[in-house]
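Please read them with the model open.

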Amino acid sequence: MIFSSTLFLFYFLPITILGHLMLHFEMKNHWLLLVSFIFFGWSQPKYLWIILSSILINYIAGLMISYQKGKRYSTFWMILAIVCDLALLFYFKYFNFFIETYGQIVGRDILFKEIVLPIGISFFTFQGLSYVVDVYRRDVKAQRNILDFALYIVLFPQLIAGPIVRYKDIAKEIEHRSISIDDFSFGIERFIIGLTKKAIIANTMATVADTIWSDYGSSSCIVVWIGSIAYSLQIYFDFWGYSDMAIGLGRILGFHFLPNFDHPYVSKDISEFWRRWHISLSSWFRDYVYIPLGGNRKKVYLNLAIVFILTGIWHGAAWNFILWGTLNGVFCIVERLIRQYKKKKGYKYRSPLFLSHIYTLLVINFGWVLFRAPSITDAIKYIKIMLGIHKITTPGFTVFWYLDRWTVSIMMIAILLSSKIPNYISEQMHDKLSEKLWFFLKHSALLMLLLLSMMRIVSGTYNPFIYFQF
């Protein structure tokens with residue numbers, strides 16, 4: 001079940017909200033737990049045992065850690081939970097990749113097991129890991145109520161594509177929360193904005209990107225550039241839209257999830273990009289991998305390399321993901337070395353902002369080619385066409401075959417929304433217009449966006465979210 005579907009929008013969501021509003025607080029968590037299990041198990045009922053196992057493993061480990069007085073035994077339970085969590089993740093996400101790689105090394109064809117990847121396993125596994133580590137560090141108290149802990153793991157808004165929510169950020173709201181009119185209104189607005197990003201922008205860009213990628217070998221240089229830009233916008237608005245919908249749904253239900261994006265495409269370097277893109281994942285690796293390895297105190301570059309390799313592995317069981325993460329790490333390390341060299345030499349010169357932006361966008365764009373490609377070989381071939389160094393034997397369609405007025409308009413809007421200009425315009429209008437006029441204009445626009453998004457969804461023009469595969 002996905003947010004941008006008629007089943008979710010017209011049935012699941014209204015019933016869930018109505019039940020949550022009508023029930024007394026003691027029953028609200030039980031209701032959310034029930035509907036969250038239905039949400040997760042709707043398309044994969046046979047795999048409910050996996051998330052139940054994750055809940056049980058981390059719940060028991062948290063209790064045992066809190067009961068132990070000696071650090072030795074607490075460490076044992078923390079390590080045991082981590083091993084069990086990662087074992088589940090490894091088997092379902094990486095086992096076949098490991099077997100395939102092993103077969104290639106020894107030169108043998110090994111039969112694969114048919115393993116279906118449970119949706120959201122990377123997200124709820126990381127939430128369980130962060131909980132156990134935080135209990136071990138005494139940053140939070142272990143949750144005694146297994147139903148409340150299960151709700152933290154399986155809460156449907158952020159269950160299958162994030163953001164990665166930490167227990168300490170919503171622990172108080174699980175035990176007690178109130179829903180104000182302002183929160184409810186904010187949640188609806190945020191959900192509509194996220195739905196618009198997904199249903200209108202991301203899906204339009206997906207059509208362009210998928211069409212070009214399906215036959216890129218006979219495409220011209222300009223066509224494959226359009227394909228790479230379309231995919232860069234698709235993955236951004238797809239994931240940004242989902243995060244906005246998750247944050248909005250959370251607020252409607254009384255939970256305050258932290259932002260997951262902060263205009264990453266305005267970044268001046270790759271290091272800044274990763275502070276703005278998928279913030280919950282970047283901060284997770286910082287707090288649970290980078291800092292424990294030594295952070296900025298020792299072996300900084302090795303720590304950065306490990307974090308970015310793991311980031312690539314987290315995204316998928318394929319060499320192109322690992323290479324994508326590694327290259328991002330290389331650029332971050334080089335940027336850090338340059339900054340330290342300039343500081344040491346006392347250089348105050350800074351590159352013009354537009355050059356910094358161009359450099360960053362080019363690296364990001366080429367990175368997304370590697371991310372989107374079925375294999376490293378395909379990525380290299382695609383990039384060669386982008387650079388004009390690959391000969392096209394059979395001419396394909398011109399760029400006008402892929403772009404019409406609607407597509408070009410949506411692409412321009414997407415590029416504009418990737419900047420901070422719309423935020424500035426909105427703030428200026430809010431300051432200069434009367435409250436009544438601003439209220440009318442904003443809610444009229446939201447209503448039109450909702451209707452347009454619904455029309456696009458009902459017509460069947462939607463895709464599964466890209467990050468569902470992670």
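1. The largest pocket is lined by 36 residues; Ile 193, Leu 417, Pro 422, Asn 423 and Ser 426 lie nearest its centre. On a 1 Å grid over the protein atoms alone, a pocket is an open set of points where a 1.4 Å probe fits, with protein on both sides within 12 Å along at least five of seven lines, and lining residues have an atom within 4 Å of a point.

2. This is a predicted model: local features need pLDDT of at least 70, side-chain atom pairs need 80 or more, and totals for chains, interfaces and linings use all residues. Residues are numbered from 1 along each chain as its sequence is written, and side-chain values use heavy atoms, without hydrogens and water.

3. α8, α9 (221-252), α16 (405-417), α17 (421-432) and α18 each give two or more residues to the lining of the largest pocket. The most come from α8, with 8 residues. Helices here are DSSP runs (H or I, at least four residues), numbered from the N terminus.

4. The axes of α8 (residues 181-213) and α18 (residues 435-458) come within 9 Å and cross at roughly 45°. Axes are lines fitted to C-alpha atoms over the stretch in contact, with angles from 0 to 180 degrees between N-to-C directions.

5. Residues in the α8–α18 contact (heavy atoms within 4.5 Å) include Ile 193 and Ala 199 of α8 and Leu 446 and Arg 456 of α18.
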